[in-house]
Structures are given as C-alpha cells and as structure tokens.
Amino acid sequence: MKAHAHGTGTPQNRVTESIILNRVAQAFGIEAWPVVGIKSYVGHSLGSAGGDQLAATLGSFAQSTLPGIRTIDHIADDVHRDNLNICLQHQQHDDLQASLINSKGFGGNNATAVALSASITEAMLRQRHGGKAMTAWQQARETTLASKARFADHCISEPPKPVYRFNEGVLGDEHVVLSGKSVSLNGGTEMPFDDDTTLNEFQLNRD
C-alpha cells in the first residue's frame with residue numbers, strides 16, 4: 001500500500017499531514033510507508049486535485065511504479081517521517097494493492113479515500129459472486145479491452161486533430177419568431193412572456 005499525499009509543501013500542510021500519515025503508519029506497524037505527491041508535477045489544481053491523485057494512483061497500479069517527488073533535493077526538518085518512505089526517486093513496486101489518497105481541506109479538515117488495485121478488486125468480486133460469474137464478465141469485456149487497446153494505439157501513433165466547428169448551432173435572425181406576447185427559436189416551442197402583475201412594483205412608472 002502507498003499513500004498519495006495532498007502534498008502542497010507549505011509549512012502548515014507538510015507538518016500536519018506528515019503527522020497524520022506517520023501516526024497511522026505507527027499505529028498499524030508500518031515501518032516504511034511509501035508516500036508520493038503528484039502535485040510536484042502538476043501543481044495544485046484545486047477542485048480537480050483529488051482527480052489528479054486518483055489518475056496518478058491508477059497509473060501506478062498499471063505501471064507498477066511510484067512517481068518520485070523530483071522537485072526537491074531534501075525533506076524539510078519539520079516533516080514527520082519516522083515510519084514513512086517519502087519517495088524522492090521513482091520506485092518499482094510489482095505488487096501494489098491499494099493506495100490511500102489524502103486530501104486536506106481549508107481549515108485543517110482531512111479526508112482520505114481508498115483506491116484498490118484491479119487485481120484486489122477482481123479477487124473480491126470473485127469471492128462474492130463466484131468464478132462462473134467472473135468468467136462470464138471477463139469474456140464479455142474482451143470487446144471493451146480490444147477497443148481500449150485500439151484507441152491507445154491511435155493516440156500514440158497519430159497526433160490529435162483539433163476540433164473546430166465553425167458556426168455550428170448559431171441561430172440567425174430568421175430563426176427567431178418574435179411578437180409582443182411570445183418568442184420561439186428555430187421553430188421550437190412558443191414561449192410566452194411572463195405577464196405576472198405581481199411584478200408591477202419592480203417596473204418603471206412612467207405616469
């Protein structure tokens with residue numbers, strides 16, 4: 001198992017987060033828990049930061065590699081790491097089974113999600129649903145895996161082409177039918193104007 005740190009690297013974040021991770025490792029007898037931080041490559045993407053961590057986690061599962069934190073030359077003295085292996089270099093791990101994706105919110109809130117590898121997930125599904133059901137599912141997904149492989153080859157062998165749809169979906173004056181009571185667009189449903197008299201107090205009195 002590895003941990004994906006929120007890892008903004010600020011003094012407040014690195015101290016409080018490293019305490020959390022280090023105490024968890026101590027509590028469960030983990031002597032050198034691998035810790036990585038994808039923000040060292042992509043920066044802090046705010047709302048999608050958890051997605052960045054999940055994407056990197058899935059990549060680690062697929063490639064059996066933990067990405068090293070290559071943007072620093074040493075670990076700050078105030079980082080708690082007695083039971084942590086903060087990866088400064090890429091590390092090969094052939095049997096990654098799970099990852100804890102750690103997120104720290106503003107105000108010191110902390111939340112952690114668990115991501116399981118494909119091998120562990122399939123083992124759990126087989127245990128619950130049986131070998132016959134899993135075999136049927138594996139056969140059914142062959143088409144999907146083949147399509148996935150073709151798309152991956154396409155992305156590698158051919159540069160993506162820009163999508164430019166000039167003037168698509170643009171309405172001209174001739175597509176608008178307007179009267180004093182309603183409007184319709186492109187031959188669609190006639191939409192009457194709101195004639196709610198309760199709004200009179202918000203209208204300009206020209207008397």
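This is a predicted model: local features need pLDDT of at least 70, side-chain atom pairs count only at pLDDT 80 or more; totals for chains, interfaces and linings use all residues.
The largest pocket holds about 460 Å³ of space, three strands build an open sheet, and His4 counts as buried.

**The largest pocket**

- Start with the space itself: about 460 Å³ lies in the largest pocket.
- The lining is made by 25 residues, and those closest to the pocket's centre are Gly7, Gly9, Arg14, Ile69 and Ile72.
- Which helices and strands each supply at least two residues of this lining? They are helix H1 (11-27), strand S2 (33-36), helix H2 (39-42) and strand S4 (84-86).
- H1 gives the most to the lining, with five residues.
- Sorted by class, the lining has eleven nonpolar residues, eleven polar ones and three charged ones.

**The three-stranded sheet**

- Follow the strands across this open sheet and you meet them in the order S8-S9-S10, with antiparallel pairing.
- Strand S8 (176-178) and strand S10 (191-192) are the edge strands, as each pairs on one side only.
- S8 and S9 run antiparallel and are joined by three bridges. Here Val177 stands opposite Ser184 in S9.
- A hairpin takes the chain from S8 to S9 through three residues.
- Strand S9 (residues 182-185) also pairs with S10, in the antiparallel sense and over two bridges.
- To find these bridges in the structure, look for Val183 and its partner Met191 in S10, and for Ser182 and its partner Pro192 in S10.
- S9 and S10 form a hairpin too, with five residues between them. In its turn, Asn186 has a positive phi of about 55 degrees.
- A handy general point to keep in mind when looking at strands: in a regular strand the side chains alternate between the two faces of the sheet.

**A closer look at His4**

- You will find His4 in strand S1 (residues 2-4).
- Is His4 buried or exposed? His4 counts as buried because its relative accessibility is 0%, and the cut-off for buried is under 20%.
- What is His4 in contact with, leaving aside its neighbours within four places in sequence? Its contacts are Val36, Gly37, Ile38, Gln53, Ala56, Thr57, Ser99, Leu100, Ile101 and Asn102.
- His4 and Pro34 show how sequence and space can tell two stories: they are 30 residues apart in sequence, and 8.6 Å apart in space, C-alpha to C-alpha.

Note on methods:
Residues are numbered from 1 along each chain as its sequence is written. Side-chain values use heavy atoms; hydrogens and water are left out. On a 1 Å grid over the protein atoms alone, a cavity is a set of points where a 1.4 Å probe fits but cannot get out, and a pocket is an open set with protein on both sides within 12 Å along at least five of seven lines; lining residues have an atom within 4 Å of a point. Grid points are joined across faces, edges and corners, and a volume is the space filled by probe spheres set on the points. Helices (H or I, at least four residues) and strands (E, at least two) are DSSP runs, numbered from the N terminus. Ala, Val, Leu, Ile, Met, Phe, Trp, Tyr, Cys and Pro count as nonpolar, Asp, Glu, Lys and Arg as charged, and the others, Gly among them, as polar. Two strands pair if DSSP finds at least two bridges between them. Buried means under 20% relative accessible area, exposed over 50%, partly exposed in between (1.4 Å probe, protein chains only). Contact means heavy atoms within 4.5 Å.
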